[in-house]
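This briefing goes through one structure by topic.

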Amino acid sequence: MGKGINLKVNKNRCKGCGLCIEVCPQKILIISRSFNKFGYHFVEVANGDCKGCKRCAIICPDAAIEIFLEQDILTKTIYKENK
Ligand code: SF4
Ligand code: SF4
């Protein structure tokens, strides 16, 4: 995972459609062998260098991926301070 990037997959929202795997330029998303509580194989993050591009989160039809970038938090803080 890149520095300042925190990516979380909500495994019980994931239906294992594989769209996020297709769009990830770093090819670090994989389908787990395990099942979630609805019986789907869910997506996991393998070791690799996530760039925080958010393509996976944007394409996911089930909003199963959340990405927090330190950079976004800092930008919001600066924006609030300047208001
Ligand atoms: S944010 Fe970009 S690089 Fe990181 S896992 Fe998602 S698609 Fe891949
Ligand atoms: S796009 Fe969403 S639902 Fe589909 S495999 Fe990825 S995380 Fe799961």
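pLDDT is the predictor's confidence in each residue, on a scale from 0 to 100. The model is predicted, and the mean pLDDT of the protein is 90, with 90% of its residues at 70 or more. The protein has three helices and four strands.

**Confidence**

- Among the elements, helix H1 (residues 19-23) has the highest mean pLDDT, 98.
- Helix H3 (residues 70-81) has the lowest mean pLDDT, 72.
- Where pLDDT is low, the predicted coordinates should not be read in detail.

**Overall layout**

- Read from the N terminus, the order of elements is β-α-β-β-α-β-α.
- The C-alpha trace spans about 50 × 25 × 15 Å along its principal axes.
- Of the 83 residues in the protein, 13% are buried.
- Taking contacts between residues at least 6 apart in sequence, 64% join residues at least 24 apart.

**Ligand shells**

- Ligand 1 is surrounded by 15 residues, and the closest are Cys24, Cys50, Cys53, Arg55 and Cys56.
- By class, the shell of ligand 1 holds ten nonpolar, two polar and three charged residues.
- Ligand 2 has 14 residues around it, of which Cys14, Cys17, Cys20, Cys60 and Ala64 come nearest.
- The shell of ligand 2 divides into ten nonpolar, two polar and two charged residues.

**Nonpolar core**

- The largest nonpolar core has eleven residues: Val9, Cys14, Cys20, Cys24, Leu29, Phe42, Val43, Cys56, Cys60, Ala64 and Ile65.
- Leaving out residues up to four places away in sequence, Cys14 touches Val9, Asn36, Tyr40, Phe42, Val43, Asp62 and Ala64.

**Strands S2 and S3**

- Strand S2 (residues 29-35) and strand S3 (residues 41-45) run antiparallel and are joined by four bridges.
- Ile30 has Glu44 as its bridge partner in S3, while the partner of Phe35 is His41.
- The two strands form a hairpin with five residues between them, and Gly39 in the turn has a positive phi of about 90 degrees.
- Val45 lies in strand S3 and touches Leu7, Val9, Ile28 and Leu29, not counting residues up to four places away in sequence.
- Val45 has 16 other C-beta atoms within 10 Å, so it counts as partly exposed.
- The C-alpha atoms of Val45 and Leu74 are 25 Å apart in space, and these residues are 29 apart in sequence.

**Strand S4**

- Ile67 lies in strand S4, which covers residues 65-69.
- Beyond its neighbours within four places in sequence, Ile67 is in contact with Ile5, Leu7, Gly52, Lys54 and Ala57.
- Ile67 and Cys56 are eleven residues apart along the chain, and their C-alpha atoms are separated by 9.3 Å.

- Most residues other than glycine have a negative phi.
- Lys27 has a positive phi, near 55 degrees, and sits in the loop between H1 and S2.
- Lys27 is exposed because 10 other C-beta atoms lie within 10 Å, and 12 or fewer is the cut-off for that class.
- Lys54 also has a positive phi, of about 70 degrees, although it is not a glycine.
- The place of Lys54 is the loop between S3 and helix H2 (55-59).
- With 15 other C-beta atoms within 10 Å, Lys54 is partly exposed.
- Lys54 is one of the residues in contact with Ile67.

Technical notes:
Residues are numbered from 1 along each chain as its sequence is written. Chains are lettered from A and ligands numbered from 1 in the order in which they are written. This is a predicted model: local features need pLDDT of at least 70, side-chain atom pairs count only at pLDDT 80 or more; totals for chains, interfaces and linings use all residues. A residue is near a molecule or strand if its C-beta atom, placed from the backbone, lies within 6 Å of it. Ala, Val, Leu, Ile, Met, Phe, Trp, Tyr, Cys and Pro count as nonpolar, Asp, Glu, Lys and Arg as charged, and the others, Gly among them, as polar. Two residues are in contact if their C-beta atoms, placed from the backbone, lie within 7 Å. A residue is buried if 20 or more other C-beta atoms lie within 10 Å of its own, exposed if 12 or fewer, and partly exposed in between; C-beta atoms are placed from the backbone. A nonpolar core is a set of buried Ala, Val, Leu, Ile, Met, Phe, Trp, Tyr and Cys residues joined through C-beta atoms within 7 Å. Two strands pair if DSSP finds at least two bridges between them.
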